[in-house]
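Subject: Structure handover

Hi,

Here's the structure I promised to pass on. Have a look at it first, and then read on for what turned up.

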Amino acid sequence: MKTLLLFFCLVCGCCAGAQDSMLVYHLKGNAYLNAGNKRQQLKIGNKIAGRTGRLEIEKGSSVTLVSSSYEAKEFIKSSAMNDVWKSFSAVKKTDVTGKYFSYVWDQFTHKHGSPEADRRKYMSNAGGVARGCPGVEAAHLPDTIFYTGKTLRFIFENKLPPGRLHFSAQRKNPPAASVWRIAVDSSAIVFPEQQQLKTGTVWIWSLQIDKQQPCQEGVIVYVTPEKYLLREKELKQKVMVTDPREAANMLAFLLEASGYLDAAQEMYRNNP
C-alpha cells in the first residue's frame, strides 16, 4: 500500500512539474528571470520551469509567454513568477488559438521534422489522410472550405497508378450541370481551374478512384469580400504578437483552421 501511495505521489509530482513550465514566445527589449541568486536574460525559445523567482522586464520592453496549457500572454511589468502563473488558466485551451499555441509549443520543444512540427495536425476538422481513399494522403481539407477568390491549391500525396485518381468539382447551385474533372497525377490541383466563378456559388468537390463513388468530398462556398474581411478582422483580434512575420503566420494558421484555405495559402506564400 505504501509503495502504491509513493508511486502515486511521484506520478503526481512529475505531472505537476510538467505543467509548471512555459516558453518565451516573443520578446521586445530585455527581460530577465531572477531565481536562486541567478539572473538569466531571456531569449525567444527559452523554457521556464517552476514558479519560483521573479520575472524582470526593463521599461519599454515586453515578453510574451506561452504556458503548457497552450495559452499566451504578454507582460510589460515585472512580477513574481508565481503571480505570472496565476494569470494563466490551468485547463488546456482547445479552441483555435489553443491549437495554434499547441503547435508552437511542439515546434519549440520537439526536434525539427517530428510529426508535431506539421501544423496540419492541429487544424480543426483536419482531413489528414483522405477518408476512404487508400493510397492517398491529403493536406488539411475541412468539410467546408470558404473560398475568397484567390488561388486555392488542393495538395495530395498520391501513390496510385496514373489516371486512377480524379478530382471533381460540381456546382451545387443552378445550373448544377457545371462540372469539371481532372486526373490527380501531380501533387496539387488548382481551383477553380479556368472556371469563372461568382460569389455566393457553392461547389461540391470530391476525390474518386477509377471514377467510382467519391471516397472523400466536401463543400466550397465562394464568400463575399465583406464576409471574408469580417472574419479576418475577428481572427486578427486573436493574434497575440506584434512582430509582423509572426503575426502573419499566426493569422494564416487561424484562417486555415477556420476553413479559409486560399487566403491562408496566400499568406504562407508571401511570408515564407
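To get going: in which strand does H26 lie? The answer is β1. One thing to keep in mind throughout is that this is a predicted model.

H26 itself is worth a click. Its relative accessibility comes out at 9%, and since anything under 20% counts as buried, H26 is buried. If you skip the neighbours within four places in sequence, the residues in contact with H26 are I44, S62, V63, T64, V241, T242 and D243.

Now for the sheet around it. β1 belongs to an open sheet of 4 strands, ordered β4-β1-β6-β7 and paired antiparallel. The edge positions go to β4 (47-49) and β7 (72-75); each has a single partner strand, so one side of each has no neighbour in the sheet. From one strand to the next, the twist averages 30°. Inside the sheet, β1 (residues 21-28) and β6 (residues 62-67) run antiparallel and are joined by 6 bridges.

Next, the helices. Helix α3 (residues 96-109) lies across β1, β4, β6 and β7, and runs at about 95° to β1. α3 also packs with helix α5 (residues 244-257): the angle is about 125° and the axes are 10 Å apart. That angle is why α3 counts as oblique to α5. As for handedness, α3 and α5 make a right-handed crossing.

Which residues meet there? On the α3 side they are V96, T97, K99, Y100, F101 and Y103, and on the α5 side E246, N249, M250, F253, L254 and A257. By type, the residues of this contact between α3 and α5 split into 8 nonpolar, 2 polar and 2 charged.

Cheers

Terms used:
Residues are numbered from 1 along each chain as its sequence is written. This is a predicted model: local features need pLDDT of at least 70, side-chain atom pairs count only at pLDDT 80 or more; totals for chains, interfaces and linings use all residues. Side-chain values use heavy atoms; hydrogens and water are left out. Two strands pair if DSSP finds at least two bridges between them. Helices (H or I, at least four residues) and strands (E, at least two) are DSSP runs, numbered from the N terminus. Axes are lines fitted to C-alpha atoms, for helices over the stretch in contact, and angles run from 0 to 180 degrees between N-to-C directions. Contact means heavy atoms within 4.5 Å. Buried means under 20% relative accessible area, exposed over 50%, partly exposed in between (1.4 Å probe, protein chains only). Angles under 35 degrees count as roughly parallel, over 145 as roughly antiparallel, 65 to 115 as roughly perpendicular and the rest as oblique. A crossing is left-handed if the near helix is turned anticlockwise from the far one by less than a right angle, and right-handed if clockwise. Ala, Val, Leu, Ile, Met, Phe, Trp, Tyr, Cys and Pro count as nonpolar, Asp, Glu, Lys and Arg as charged, and the others, Gly among them, as polar.
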